[in-house]
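Dear colleague,

I am handing over the structure that we spoke about, and below it you will find an account of what was found in it. Please read the account with the model open beside you.

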Amino acid sequence: MPDQDTSGSLPVWSGVRTGPLQPGERVTLTDPKGRRHSLLLTAGKTFHTTKGGIAHDDLIGGPEGVVVSSAQGVQYLAFRSLMAEFTTRMPRGAQVVYPKDAAQIVMGTDVFPGARVLEAGAGSGALSCALLRAVGPTGRLTSYERREDFAEVAARNVANFFGTGSTAPLDSGHPCWDLRVGDLVEALDAPDAATAVGPVDRVVLDMLAPWECVDGVARVLEPGGVFCAYVATTTQLGRTVETLRAHTGFTEPEATETLVRAWHAEGLAVRPAHNMVGHTGFLITARRLAPGVVAPVKKRRPAPGAYGEDYTGPRREAPPAEAR
Ligand SMILES: C[S@@+](CC[C@H](N)C(=O)[O-])C[C@H]1O[C@@H](n2cnc3c(N)ncnc32)[C@H](O)[C@@H]1O
């Protein structure tokens with residue numbers, strides 16, 4: 001069952017469940033060395049560790065925040081998985097958006113309860129979970145995924161995260177999610193895109209070539225709406241930024257990278273952790289201008305050579321001399 005509000009029967013679609021642990025829920029076990037293990041509770045099943053098994057039935061029906069022991073007496077802390085743990089441990093088709101980036105995307109695009117959001121590609125559904133939680137029960141997320149096998153994985157993951165109970169292929173059972181198998185570029189280029197895809201308040205693209213969507217996104221994104229692309233490489237970043245700039249219907253794009261460094265804090269040994277996630281991706285955001293409005297030309301001159309003879313990518317036309 002989807003999560004309920006505290007007053008009664010209204011599903012709030014947070015993906016958070018309370019009360020006794022149930023079969024089908026994902027639980028994180030933490031061992032004495034701080035290592036985390038993820039398991040999907042299944043009646044009668046055993047989670048095997050090098051120090052003996054742990055019966056899922058020891059957890060099912062009880063509270064979370066408890067200590068369970070393996071057959072050889074090693075103790076594990078057991079909690080329901082948080083969304084960040086769930087999305088990094090769930091089955092994958094495509095590579096998922098890391099939690100640090102999903103958090104930045106939700107804040108950077110200012111996704112709000114009730115928002116209409118367009119996403120591509122759905123991949124494994126990790127970012128879809130974060131976006132669905134952010135838009136809430138009155139919002140709408142339309143997600144395109146061109147690979148049917150990936151879309152099926154995404155649908156299962158979203159169904160499990162929100163506890164809808166749906167097992168139908170490509171149907172997550174989430175009433176606010178419209179998962180479509182198809183190519184977003186083609187959908188945006190179709191004559192009926194303005195009504196079949198849009199209008200939308202936010203666009204979030206995690207796909208190989210987001211620049212191919214810029215013209216189409218401009219047709220469905222409301223003025224003031226936020227465009228966001230998450231890309232893995234600098235070449236994708238440059239191409240997306242230049243395409244947005246050349247379009248002229250968006251604000252000057254902003255590009256960021258998010259680095260999260262854990263800290264070790266023990267007595268006098270307070271220092272950064274030795275390991276961290278080095279690289280995931282870059283975020284590019286820009287806002288849609290009103291129809292017919294052209295973004296003012298940047299006052300600062302490009303760096304010498306930025307658009308030299310080696311540069312072959314998209315470029316905004318030079319404005320007439322009187323406008324400079
Ligand atoms: C990195 S994955 C997305 C992962 C996803 N955000 C998540 O957190 O699970 C990129 C996905 O974009 C899909 N894709 C690439 N180009 C596409 C397009 N033009 N239309 C729809 N999906 C596309 C790919 O099939 C792939 O599944």
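How many helices and strands does the secondary structure of the protein come to? The protein has 8 helices and 15 strands, where helices (H or I, at least four residues) and strands (E, at least two) are DSSP runs numbered from the N terminus. Please bear in mind that this is a predicted model, in which local features need pLDDT of at least 70 and side-chain atom pairs count only at pLDDT 80 or more, while totals for chains, interfaces and linings use all residues. Residues are numbered from 1 along each chain as its sequence is written.

Overall layout

Taken along the principal axes, the C-alpha atoms fill a box of roughly 80 × 50 × 35 Å. The domain assignment, which is an automatic or database one, gives domain 1 (26-81) and domain 2 (86-296), and the centres of these two domains, taken over C-alpha atoms, are separated by 33 Å. Of the 324 residues, 37% count as buried, a residue being buried if 20 or more other C-beta atoms, placed from the backbone, lie within 10 Å of its own, exposed if 12 or fewer do, and partly exposed in between.

β1 runs antiparallel to strand β2 (residues 36-40), to which 5 bridges join it (two strands pair if DSSP finds at least two bridges between them), and Thr30 stands opposite Arg36 in β2. The two strands form a hairpin with 5 residues between them, and Gly34 in the turn has a positive phi of about 85 degrees. β1 is also joined by 4 bridges to the antiparallel strand β6 (residues 75-80), where Ala78 is the bridge partner of Leu29. Strands β3 (residues 46-49) and β4 (residues 52-55) pair in the antiparallel sense over 4 bridges, with Phe47 opposite Ile54 and a hairpin of 2 residues joining the strands.

Cores and helix α2

In the largest nonpolar core, which has 65 residues, Val117, Leu131, Val158, Val203, Val217 and Cys228 touch the most other members; such a core is a set of buried Ala, Val, Leu, Ile, Met, Phe, Trp, Tyr and Cys residues joined through C-beta atoms within 7 Å. Apart from this core lies another, of 9 residues, among them Leu29, Leu41, Ile54 and Tyr76. Helix α2 (residues 99-108) has Pro99, Asp101, Ala102, Gln104, Ile105 and Val106 as its buried residues, and Asp110, which follows the helix, has a positive phi near 55 degrees.

The shell around the ligand

Which residues come nearest to the ligand? Of the 22 residues around the ligand, these are Ala94, Gly121, Gly123, Ser124 and Ala126, where a residue is near a molecule if its C-beta atom, placed from the backbone, lies within 6 Å of it. The shell divides into 12 nonpolar, 5 polar and 5 charged residues, with Ala, Val, Leu, Ile, Met, Phe, Trp, Tyr, Cys and Pro counted as nonpolar, Asp, Glu, Lys and Arg as charged, and the others, Gly among them, as polar. At least two residues of the shell are supplied by each of α3 (126-135), β8 (140-145) and α5 (184-189).

With best regards
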